Amino acid sequence: MNNLHWTIPPMLEGAHVSLEPLQKEHVEDLLLAASDGELWNLWYTSVPGPETVRPYVAKALADREAGTAMPFLVRNAAGEPVGCTRYFRMDPVIPSLEIGYTWYSTRVQRTPLNTEAKRLLLGHAFDAMGCTVVEFRTHAFNHRSRTAIERLGAHFDGILRRQMRMPDGHLRDTVVYSILDNEWPTVRRNLDYKLDHGASA
């Protein structure tokens, strides 16, 4: 395991997507991406809106400074901002991390962009950072997110009931999935196959 990979955020690029380390200058980019579908109105997500995007970015960058997260701005092949994602709950001792805080503009949802973004993030986590496990969590009612995670080939671990307080005050039941390092070669093969055939995860 290279400790530099746990402290220096990577720039990840593919044919459909690029993931660049989030900066404070990206506030307007995130707001533009979230405006496609007004994603902040979805009650089961925590997508930033006009009133919350600045503190959202500030908290993400503070977590990066603390060494517990690596947030990314997501751009499509044309370089347009279309979303956000991050590594977080980073634990270099196990080593493990979670991929989450992921959301995309409506126009790129269920496209190869998401498949390739996950392929890049998982590849860096397992192959460069040496993770033994990568976790995904989502709201029990976020069926689109659950389907996307399952199509990656992640294992369903269970549901943590009333695990998180959401911005609107309700308590979230959290669905947990994971991929182990010995499962990664098969998951990678599946994702590469989907990308080669233009399918989305």
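Reader: Which residues are linked in a network of salt bridges?
Author: This is a predicted model, in which local features need pLDDT of at least 70 and side-chain atom pairs count only at pLDDT 80 or more, while totals for chains, interfaces and linings use all residues. Residues are numbered from 1 along each chain as its sequence is written, and side-chain values use heavy atoms, with hydrogens and water left out. A salt bridge here is a side-chain nitrogen of Lys or Arg within 4 Å of a carboxyl oxygen of Asp or Glu. Linked in a network of such bridges are R89, E98, E135 and R137.

Reader: In the salt bridge of E98 with R89, how far apart are the closest N and O atoms?
Author: Side chains of opposite charge can pair when their charged atoms come close. E98 is buried at a relative accessible area of 2%, whereas R89 counts as partly exposed at 40%; buried means under 20% relative accessible area, exposed over 50%, and partly exposed in between, with a 1.4 Å probe and protein chains only. For the salt bridge between E98 and R89, the closest N and O atoms are separated by 2.5 Å.

Reader: How many residues apart in sequence are the parts that D192 and R119 tie together?
Author: The side chains of D192 and R119 meet in a salt bridge, 2.8 Å from N to O. D192 lies in helix 5 (residues 184-196) and R119 in helix 3, where helices are DSSP runs of H or I with at least four residues, strands are E runs of at least two, and both are numbered from the N terminus. Because the two partners sit in these two helices, the pair ties together parts of the chain whose separation in sequence is 73 residues.

Reader: What covers the buried residues of helix 1?
Author: The buried residues of helix 1 are V27, D29, L30, L31, A33 and A34. To see what covers them, one looks for contact, meaning heavy atoms within 4.5 Å. The cover includes helix 2, strand 3, strand 4 and strand 5.

Reader: How many of the residues of strand 4 are buried?
Author: Strand 4 (residues 81-91) has a partner in strand 3 (residues 69-76), which runs antiparallel to it and is joined to it by seven bridges; two strands pair if DSSP finds at least two bridges between them. Strand 4 also pairs in the antiparallel sense with strand 5 (residues 96-104), over six bridges. Strand 4 is mostly covered, and the number of buried residues among its 11 is nine.

Reader: Which residue in strand 5 is the bridge partner of G83?
Author: Strand 4 is joined to strand 5 by a hairpin through four residues. Strand 3 and strand 4 form a hairpin too, with four residues between them, and G79 in that turn has a positive phi of about 90 degrees. Reading across to strand 5, the bridge partner of G83 is Y104.

Reader: With which side chain does the side chain of N114 make a polar contact?
Author: N114 lies in helix 3 (residues 112-128) and is buried, with a relative accessible area of 10%. Not counting residues up to four places away in sequence, N114 touches Y104 and A148. A polar contact is a pair of N or O atoms within 3.5 Å; within protein, one must be able to donate a hydrogen and the other to accept it, and residues adjacent in sequence count only if both atoms are side-chain atoms. At 3.0 Å, the partner of the N114 side chain is the side chain of Y104.

Reader: How far apart in space are A125 and Y87, C-alpha to C-alpha?
Author: A125 is in helix 3 and is buried, with a relative accessible area of 0%. Leaving out residues up to four places away in sequence, A125 touches Y87, L97, G130, C131 and V134. A125 and Y87 are 38 residues apart in sequence, and their C-alpha separation in space is 8.8 Å.

Reader: Which residues touch the most other members of the largest nonpolar core?
Author: A nonpolar core is a set of buried Ala, Val, Leu, Ile, Met, Phe, Trp, Tyr and Cys residues joined through side-chain atoms within 4.5 Å. Of the 35 residues in the largest such core, those touching the most other members are L19, Y87, L97, L122, V134 and F136.

Reader: Which helix gives the largest share of this core?
Author: A second, separate core of 15 residues includes A33, A34, L73 and W103. In the largest core, of 35 residues, the largest share is seven residues, and these come from helix 3.
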